[in-house]
Amino acid sequence: MPDIVASHADPGDHAHHPALQHHFQTLEQQQEASTLGMWIFLVTEVMFFGGLLMAYLVYRVWYPLAWSEGSLELDIRLGAFNTVVLIGSSLTMALAVRSAQTGAQKATVRWLLLTMALGLTFLVVKFFEYREKYLLHHIPGPNFQFEGPEAPHVQIFLSLYFGLTGLHALHMIVGFSILAVITWMAHRRRFSPEWHTPVELSGLYWHFVDIVWIFLFPLLYLVDRAHHLS
Amino acid sequence: MSGHVSPKTTYYAIFGALMVLTAITVTIAFINLGPLNFPVALGIAILKATLVILFFMHVKHSSQLTKLICGTAFFFLFVLFGLTLSDYLSRGWFVAPGGTAAAGTRVTIGPPAPVAEPAGQTQTTTEPQTAPAR
Amino acid sequence: MTTTVLPRVNYLNVRHGVASWLLTKDHKRIGIMYLVVVTIAFFLGGLFATGVRIELTTPQGDFVSADTYNRLFTMHGVFMVFFVLVPVVPAVLGNFVLPLMIGAKDVAFPRLNLLSWYVFVFGFIFTITAMVTGGVDTGWTFYTPYSSSASNSNVMLTGIGVFITGFSSILTGLNFMVTIHRMRAPGLTWFRLPLFVWALYATALVMILATPIIAITIGMMALERALGFGIFDPRLGGDPVLFQHLFWFYSHPAVYIMILPPMGVISEVIACFSRKNVFGYSFVAFSSLAIAVFGFLVWAHHLFVAGISPYSAMVFSFLSFAVAIPSAVKVFNWTATLYQGAIWWRAPMLWVFGFIGLFLIGGLTGLFLASLGLDVHLHDTYFVVAHFHYIMVGGAVMGFFAGLHYWWPKMTGRMYPNWAATTAALLVFFGFNLTFFPQFILGYLGMPRRYHAYSEEFQVLNVLSSAGASILAVGYTLIASYLVFSLFRGQAAGANPWRATGLEWKTESPPIPDNFTETPIVNEGAYKYSEREIEVA
Amino acid sequence: MLEGIPLFPVQASNLAPEVDNLYFFVTAITAFFALIVVFFVIVFAVKYRDHTGEKVGAPITGSIWLELGWSIVPFLVSMAIFAWATIVFFHLVRAPDQTLEIYSTGKRWMWRFQHIDGQSEINELHVPLGRPVKVTFTSEDVLHSLFIPAFRVKADAIPGRYSSIWFTPTRAGEYHLFCAEYCGTKHSGMIGRVFVMEPNEYQAWLGGGGGGLSMTARGEQLFQQLGCVSCHLTDGSGRGPSLAGKYGQQEQLADGEAVLVNDTYIRESILTPQMRLVAGYGPVMPTFQGQVNEQGLMSLIEYIKSLPSMGQPATATK
């Protein structure tokens, strides 16, 4: 989203705020446009995950046993830990936006760095989860190994697990990179209470990624566990 | 949008609520609620997502347009889910009179398929005899 | 027509050199760049269609091999759908006129707009690579499990190309939506907007909501093909029909991405050349939104014989009939607009007449396919092929040409010869009908689509169809020639050659780089032709 | 000039006239609406033509009554089409009780038809005149679609599932049979012929020429060979449930749900037996994936179908 993030191009001949691009009338119009653009972008993201979730729903209805066996393969402790980490990072992100709103520039940088650290933690944990799957030959494909009558359907479950969490992790990586840029910009004191749209927008994106995980965690790790407890 | 600054306490409170809900949903995962497993977990997730959207993403203090856009996303997601499931959940309903389900049916899940009159098996009207065998 | 000269500084001559185009953020230049790429894609798609039609003149598969034939119709579909029909009106005409119509200097995110073009070209390059390295033979629909496990062709490359191109579409939709919300000139309220803007808004809605689904679906198919993930694989218990659900959740609304903007063009042109308000402005505006929303509820009518539940089929059939109503409302309103107009038969208007006739047939034959009892017989026959070509070519492409002829003087500052445009419109109209009307009959006779060789009793109709296609080709070539000719020798058009209302006609032709010397202020609705006359009188 | 070009396919099944009548009805309605619009477009375009481009049109902005009228009337008309078409559709997909069963598998690029009495044929299908026939089929590789235009029937063949079409041939003769779902290189070669024969000729055809075992007999053979018989005892005392008389009945499952015993469920139970266990039985059955092909599965189904309910004498049905 170069137009949303970038702020410094188009010096123009206006005597306005340096961040104002020449085709906008006012800074307010520009901010509203950027925010609206971000929200619309998030709508497409919702649909993007929607396709995979649709497949998840259909096969969950068809193969409840495989879903139960599959979710038992996932480590609920790591999942829960990551949930806490990610929600925590949402908190720090919200506080970063708040600091930017109030003009607390140092605090903004601090909260952003903390957010990035938590995001990185999430990704590291995710990496170890994937690694375990790899060692167990639970990655779908020709080398997939799973004992039990439900093996083919568990492969579908794990395909969707990797599809969903992989796409989510990809979003985390993108989010992390965006935050890196924003942090640098904050460090260079680019933002002010009047203009901090990039912080706000990357916040929206980060919260969205958090929301996706809020759904993925119960869907993949939790709901079908209890089948085995009856 | 950028005009509204929420107090820090709001954020901490929301974070606390999210943590509590996470704890609840993890705990419940170890209790078998039968058919309620899915709705309860999903309900909690929706509640958590709503908190994030309303407070962390400031939708509570945003314009009608933002709210509308949020709603649109979920509306069309439900269109996708609902109409697709209308196929998957009703595939088992269709039973031809001869006793066989028709084209590409994967039977069951959900309400039991309506039993066709055993017209195809004209000689086998004394079906209850087999019941004790199960 | 007043003799005018081209404005001294305009968006075309303000900067020179290839780099000034490739790095431009001007929506007008980006629109022209889209036009160039789309034209290349249209030419390639047309070339493949030519191969298909030559093959089908004889019942035996004797012109090309079966594998080549399968690649021909697949590549025809892929190029025409993803690289011509989807972008042709929104990305070319929409990009060019949308900011002009709403009195803005540019779209909301000019750099994003340029990025969309690059993404589009990037996807195009992938698909071209797939083409030159052997092509793809799955049909443009990529149905699994054929695409994921059986096909030996370049499914991955093409899939990646389509996947990437999808993002161009999403970003364009996003850009337009924000532009329409936030960039309107002072006084330009929603109900003063030209209907083309409404149509683009509805289109943007569909692009944003539907396109991600095709991306993720193609992604899942690619994972299955490349890494052996099993999501649609029947050997693992997966459901190939799920792929079709997801595919058509995009691809049916995509039909509305293709047809809604041309409908908007028709509203513009018909108002201008009838010198009247569009009859029932608000109904036409809302029917665009209604089509966009209802368009999401009908996708499974492509799956009636694919193994879905008959009850679900019934629901989708009902909804499909419902979506026909807003389309019908539009046609009736256009017809009523002509009543007591002052109809000026210039070239753009002839394309509109052609559009109405062909879209009418295309839309009405849609009712046959929405009818469950008929679709069982008609599904996957040439009836379907004829139907969607009437919508896609008869509707979308005719609408595009109406718009191109209407705005060409604005885009280039030059006028094309009217007699040539008239001839082309007639050629395309008759060539098109000759090509595709026989296919309705072929379809009901039971000739399946995607057949390399066919039974002899189908030959006469197929020969008629191929003959029509050659007339079509002549028509399209003619258009290309006189438009290119006009670039060099065309008369200067002047700011408003059609004496049309609308902000885009209030600036010079070609427009200056920032569109307007000062931001226009709007105080009346669109299409005030008759009122203006009354004021003068 | 157009003589000799057929406009409609022959009607060779009981369903064809129904579909054709619907087709004529929809054609008439759509032609009517199309002609109205075209008529008005031409009349207005000519009558109000202005050669100069100088005049302006009348200041008409719209009419709510017209809008309502041309929204509601087409809606009602389309609902009439919808109702009729749906009735026809359910007739097309809902096979009657007593049908002659034929099994089929599609694979690239041929159709194999298996008659119950044992004959099998490739890309040819012989059916008797005047008797309802139901073809149950699946695919061994990718999607196909079984299409017989003269009968107006079509359904996709989907790997892993059974689809079916039914029809009563009403006209003796030879008709096309197509694959209608694109399936690769020789998609257009995956065609065949349907022969509708007088019933006595059909019987003669069935009797003639190396038919081999009937499907039921072959199914029984497989049932022995694969060892099914050692667990699925008919009196229900075996390690697996008795299969006698189960076809077409509801079966109670271990997870509390119920399932209709049909072709698909039997197929699934042979290939993935532990997916849906019958209540009261343990997960002891091994999978037979790879040990029995599609034709074998169909024979087994046919055999299980033929098993009479317990306590009934084993009189031959069908």
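Modeller: Of the 134 residues of chain B, 36% count as buried, a residue being buried if 20 or more other C-beta atoms lie within 10 Å of its own, exposed if 12 or fewer, and partly exposed in between, with C-beta atoms placed from the backbone. This is a predicted model, in which local features need pLDDT of at least 70 and side-chain atom pairs count only at pLDDT 80 or more, while totals for chains, interfaces and linings use all residues. Residues are numbered from 1 along each chain as its sequence is written, and chains are lettered from A and ligands numbered from 1 in the order in which they are written.

Chain B has three helices and zero strands; helices (H or I, at least four residues) and strands (E, at least two) are DSSP runs, numbered from the N terminus. Along the sequence the pattern of chain B is α-α-α. Among its contacts between residues at least 6 apart in sequence, 24% join residues at least 24 apart; two residues are in contact if their C-beta atoms, placed from the backbone, lie within 7 Å.

Two strands pair if DSSP finds at least two bridges between them. In general, strands of a sheet pair through backbone hydrogen bonds, either parallel or antiparallel. Strand 1 of chain D (residues 100-107) runs parallel to strand 5 of chain D, and seven bridges join them. Here D:Tyr103 has D:Thr136 as its bridge partner. Strand 8 of chain D (residues 163-167) runs antiparallel to strand 5 of chain D, with five bridges between them. D:Thr136 stands opposite D:Ser164 in strand 8, and D:Val135 has D:Ile165 as its bridge partner.

Strand 8 of chain D has five of its five residues buried, so it too is largely enclosed by the rest of the structure. D:Ser163, D:Ile165 and D:Phe167 cover one face, and D:Ser164 and D:Trp166 the other.

Chain D also holds an open sheet of five strands in the order 4-10-9-6-7, with mixed pairing. Strand 4 (124-128) and strand 7 (153-157) of chain D stand at its edges with a single partner strand each, so one side of each has no neighbour in the sheet. Strand 6 (residues 144-148) of chain D pairs with strand 7 of chain D in the antiparallel sense over five bridges, and D:Phe147 stands opposite D:Lys154 in strand 7.

Chain D also meets chain C, in a contact that takes 79 residues from chain C and 74 residues from chain D. Helix 10 of chain C (residues 310-338) gives the largest share of the side of chain C that touches chain D, 14 residues. By class, that side of chain C has 50 nonpolar, 20 polar and nine charged residues; Ala, Val, Leu, Ile, Met, Phe, Trp, Tyr, Cys and Pro count as nonpolar, Asp, Glu, Lys and Arg as charged, and the others, Gly among them, as polar.
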